[in-house]
Amino acid sequence: MRFRLIQIVGAGLFAAVCLSAPALGQKAASIEVTADKDLAFGSIAPGPAGGTVTVPPTGGRTAAGVVLLPSPGGVGPASYTIRIGDKGNPHYSIILPAFVDLESPAGATMRVDTFVSDPAGTGKVDPQRRDGLLAVGATLHVGPNQPAGSYSAPFLVTVNLGN
Amino acid sequence: MKKTILIALTALAAIALLVPAGSAMAQASDTATANATATIVSPIAIQSDFDLAFSDIVAGAAAGTVVVSTGGTRTVGAGLAGLNPGNARAAQFTITGAPSRQFGIVLPTSTTINRVGGGSMTVDAFTSSLGLTATIGGTGSSVLKVGATLNVGANQTAGDYTGTFDVTVTYN
């Protein structure tokens with residue numbers, strides 16, 4: 001009777017050790033994303049009818065209905081570094097915000113939406129170095145005679161291991 | 001003895017079962033925060049302060065020209081005579097916008113001024129006190145003065161001649 005009980009517990013222990021083997025034998029896979037650069041739409045002169053400014057993830061800037069001005073602070077997509085530990089699956093998926101509302105110190109707002117990433121949807125870190133770059137652009141909506149000011153807001157980008 | 005073994009194995013099993021729970025701490029997801037930024041500058045605008053005035057001219061038998069400089073000085077060409085030089089004046093505009101921003105100025109090539117009852121003259125060779133590219137002042141405004149050349153015909157009909165011209169400014 002006791003022998004049988006030991007057998008049962010022994011089988012349980014064996015199964016438990018097998019399940020935990022990846023955790024004990026090697027470092028668990030993990031993913032880390034670091035923001036390196038902000039998404040910058042630069043300087044813009046509004047028009048009477050409003051308009052949009054688009055910064056694609058590949059860089060550059062296009063406008064409709066507004067005038068783009070030289071931007072001493074720079075213009076460009078947000079950029080991130082993705083790191084995946086371990087030797088496992090180098091793929092990851094990307095979750096972008098639906099929109100974010102930028103705000104000026106005076107309380108005026110502008111909406112940013114249509115976030116686009118490069119790579120889009122899913123990405124893959126360098127299988128050797130275990131890191132990779134992610135760029136995120138979006139479209140800014142400028143209101144008619146949008147009040148002058150410096151607008152900003154934080155936004156979140158999430159990456160998940162695997163695809 | 002068997003009881004001891006059983007307890008030891010049970011303890012090991014319990015520890016082993018806890019290990020997978022520990023591995024759940026490996027990060028399968030991460031989030032980073034960046035800022036989105038934009039700078040809206042004041043729209044550029046231009047308003048007329050003073051008209052361009054050539055004042056009184058006496059026409060002659062031959063055509064001639066009258067120049068008003070951006071400084072408001074009038075120069076009357078050969079064959080013509082000028083009266084009331086103090087009434088001659090360059091046009092003046094005030095441009096407002098974002099301080100220290102560069103902008104471009106577009107002047108007309110020419111315009112026609114007309115007399116009620118008939119007769120016209122051409123005004124051309126417009127000049128800008130700020131050139132064709134300038135920078136809005138640190139207070140958000142700049143003053144632009146515009147001069148031009150009036151082309152007076154031979155025996156130009158006496159009378160008051162007026163017309164309009166456009167000056168356009170745009171951010172560069």
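Visitor: Of the contacts in chain B with a separation of 6 or more, how much comes from residues 24 or more positions apart?
Guide: That share is 71%. A contact here means two residues whose C-beta atoms, placed from the backbone, lie within 7 Å.

Visitor: Before I go on, what kind of model is this?
Guide: This is a predicted model, where local features need pLDDT of at least 70, side-chain atom pairs count only at pLDDT 80 or more, and totals for chains, interfaces and linings use all residues. Residues are numbered from 1 along each chain as its sequence is written, while chains are lettered from A and ligands numbered from 1 in the order in which they are written.

Visitor: OK, what's the secondary structure of chain B?
Guide: One helix and 14 strands. Helices (H or I, at least four residues) and strands (E, at least two) are DSSP runs, numbered from the N terminus.

Visitor: And chain A, what order do the elements run in?
Guide: From the N terminus, α-β-β-β-β-β-β-β-β-β-β-β-β, which is one helix and 12 strands.

Visitor: Which strand of chain B does β12(A) pair with?
Guide: Strand β1 of chain B, residues 29–40, antiparallel over 12 bridges. Pairing takes at least two bridges found by DSSP between two strands. In that strand, Thr37(B) is the bridge partner of Ser152(A).

Visitor: Within chain A, how many bridges join β7 and β12?
Guide: Four, also in the antiparallel sense, between residues 91–95 and 149–161. Ser93(A) has Asn160(A) as its bridge partner there.

Visitor: Switching topic: how much of chain A is buried?
Guide: 29% of its 163 residues, with buried meaning 20 or more other C-beta atoms within 10 Å of a residue's own, C-beta atoms being placed from the backbone. For chain B, buried residues make up 24% of 172.

Definitions and conventions. A residue is buried if 20 or more other C-beta atoms lie within 10 Å of its own, exposed if 12 or fewer, and partly exposed in between; C-beta atoms are placed from the backbone.
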